[in-house]
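Dear colleague,

My findings follow directly after it.

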Amino acid sequence: MARGKFNKRAGGPRLDAVNAEEIEIRNARMEELEEQRASRRAEEDEDDEEGGDEKEKKEEDEAPQQTERKKKDGAPAGPVAPVTTEADHKRNLAKLAEVRRRREEAELKRKQEEQLEKELEEERKRLAELATKGDDDDGGKKSKSSKKTIPKLDKIAIKKMKPAQMKEAMKERGLDIQGNAKELLQRLLDYEANR
């Protein structure tokens with residue numbers, strides 16, 4: 001298998017066997033590698049059998065020296081359990097109570113903000129419903145009070161308007177906004193002339 005984009009191992013150069021000679025060369029290389037591995041394993045096993053007793057003695061000799069070093073440095077040899085005094089315990093409890101109090105205050109503040117947001121949302125919805133109900137009561141026509149708030153446009157101002165501006169003005173006046181620019185202009189001029 002050759003090295004390539006989809007090869008996960010991406011090891012060293014490999015030999016792709018195409019014919020019988022290449023297969024023999026590859027097999028010979030594999031046998032050499034296996035022999036080398038076997039000889040290394042055998043040497044390691046012999047070293048373990050011969051040096052096993054010596055290694056155990058060395059480890060036993062090193063262990064007391066390490067504990068003595070730790071004792072000389074002032075650090076105890078074994079694991080140390082944390083020691084807390086009664087004053088430390090009281091201080092820790094006081095800190096814990098303070099953290100709990102702050103969390104409760106934050107939770108209370110969060111709940112109040114949520115309640116305020118809900119009230120604002122309900123008020124907004126209520127006002128929107130009133131606005132839509134007010135439009136329905138008029139039957140699509142504006143009341144006299146709303147006519148006073150809509151400014152009257154003159155012909156020159158209407159003719160200078162772009163179609164989008166004309167549509168906005170027509171929406172304010174409750175007129176139909178469908179049609180091309182000429183139709184919108186004529187409809188708005190007629191409305192303002194009749195006003």
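In this predicted model, helix H5 (residues 163-173) packs with helix H6 (residues 181-194) at an angle of about 40 degrees, and their axes are 10 Å apart. The crossing in which H5 passes H6 is left-handed.

The contact draws on both helices. From H5 come Pro-163, Met-166, Lys-167, Ala-169, Met-170 and Arg-173, which meet Ala-181, Leu-184, Leu-185, Arg-187, Leu-188, Tyr-191 and Glu-192 of H6.

Regarding annotation, an unreviewed UniProt entry places the feature "domain: SAP" at residues 158-192. In the model, the span 158-192 is 74% helix and 0% strand, and its end C-alpha atoms lie 9 Å apart.

I also looked at charge pairing. Side chains of opposite charge can pair when their charged atoms come close. With a cut-off of 4 Å between side-chain nitrogen and carboxyl oxygen, the count comes to 13 salt bridges. One of them joins Glu-98 and Arg-102, whose closest N and O atoms are 3.7 Å apart. Glu-98 and Arg-102 both belong to helix H2 (residues 86-138), where a spacing of four residues separates them by about one helical turn.

With kind regards

Key:
Residues are numbered from 1 along each chain as its sequence is written. This is a predicted model: local features need pLDDT of at least 70, side-chain atom pairs count only at pLDDT 80 or more; totals for chains, interfaces and linings use all residues. Side-chain values use heavy atoms; hydrogens and water are left out. Axes are lines fitted to C-alpha atoms, for helices over the stretch in contact, and angles run from 0 to 180 degrees between N-to-C directions. Helices (H or I, at least four residues) and strands (E, at least two) are DSSP runs, numbered from the N terminus. A crossing is left-handed if the near helix is turned anticlockwise from the far one by less than a right angle, and right-handed if clockwise. Contact means heavy atoms within 4.5 Å. UniProt positions are given in the numbering used here, feature names are shortened, and annotations may be inferred rather than shown by experiment.
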